[in-house]
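I opened the notebook to look up how this chain is put together. My entries follow in the order I took them.

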Amino acid sequence: MNRKVFTRLALAAACAALVVPPAFAQGMMGGGQGGPGMMGGGQGGPGMMGTINNRPVAPGWGGATWNYAQVKRYLAASEADGRAEGKRVVFQGHAVTIDMVAVQPGHPDTTFEVHGITNPTLVVPAGATVHLNLVNMDYGNNMEHGVIITAAPPPYPRYLMQTMAQYGPPLAGISPPIPWRSKKDLNQSLFAAAGTTFTAPSRPGVYWYVCQTPEHAEKGMYGKFVVTG
Ligand SMILES: [Cu+2]
């Protein structure tokens, strides 16, 4: 909720704080998380707008690097986090884990998935500790994806800079966006994953989770993030 979110140090810390189920922790860090390569951008002020990760994932990119088997385990484990109710996924308790996917195969381009639902409404208790994870399953140029939680409602412009100027910095996020998968063939591919932890607002309200890659939110890569009392 403050400008520190935008400092390079804070971004590095957020990216280094990979939050992943312990079962997957071993041997998947890819090494060098939070390294200068990842944060070297920072251009354009907030850093979150940078396109430093506009490239396929490679070990050492700055976050976790998973193979397809690890992604499948993540997807399976994520079913235990939160409860799907139609187009909503409802989370309960003082600490919640939200396992997001950017462009899960079989879903539309430029979307998020949680529980296999495209752009669901996420419902989180006020004041909860939120572990937010993201794996990028997309492939191709400009298919790097990140996520920010913001009070700014849709529709979104091509670039979110103006939006952030109007609504203030995001509550939290995974920034800058994380690289796309390394190969077209899922089984041959590596995938980028990253996570962050933040505290949900202490009062009920409506927020949005939004991909900050230019044009993605404009094309519909966002969903509602509801904080309940
Ligand atoms: Cu995106």
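Predicted model: local features only at pLDDT ≥ 70, side-chain atom pairs only at ≥ 80, totals over all residues.

**Core.** The largest one holds 53 residues. Its residues with the most contacts inside it are V124, L134, V135, F191, Y209 and V210.

I then took V124 and asked which residues it is in contact with, leaving aside its neighbours within four places in sequence. I found F91, V96, V130, A200, F225 and V227. I noted the general background too: in soluble globular proteins, nonpolar side chains tend to be buried together.

**Whole chain.** I checked the overall figures next. The protein chain has 5 helices and 13 strands. Of its 229 residues, 46% count as buried. I also looked at contacts with a separation of 6 or more: residues 24 or more positions apart account for 75% of them.

I traced the strand order as 1-11-8-4-5-6. This sheet is open, and its pairing is mixed. At the edges I found strand 1 (64–67) and strand 6 (117–118), each pairing on one side only.

I followed strand 6 to its partner. Strand 5, residues 112–114, pairs with strand 6 in the antiparallel sense, over 2 bridges.

Which strands does helix 4 lie across? I listed strand 1, strand 4 (95–102), strand 8 (129–136) and strand 11 (190–199). Helix 4 itself covers residues 68–78 and runs at about 95° to strand 1.

I read the order here as 2-3-7-13-12-9-10. This sheet is open as well, with mixed pairing. Strand 2 (83–85) and strand 10 (172–178) stand at the edges with a single partner strand each, so one side of each has no neighbour in the sheet. The twist averages 25° from one strand to the next.

Strand 2 pairs with strand 3 (residues 88–90) in the antiparallel sense, and I noted 3 bridges. R83 has V90 in strand 3 as its bridge partner.

Strand 9, residues 145–150, and strand 10 are antiparallel, paired over 4 bridges. H145 stands opposite I178 in strand 10.

Is strand 10 enclosed or open to the outside? I checked burial: 7 of the 7 residues of strand 10 are buried, so this strand is largely enclosed by the rest of the structure.

How values were computed
Residues numbered from 1 in each chain as written. Pairing = 2+ DSSP bridges. Contact = placed C-beta atoms within 7 Å. Axes fitted to C-alpha atoms, helices over the stretch in contact; angles between N-to-C directions. Core = buried A, V, L, I, M, F, W, Y, C linked by C-beta atoms within 7 Å. Buried ≥ 20, exposed ≤ 12 C-beta atoms within 10 Å, placed from the backbone.
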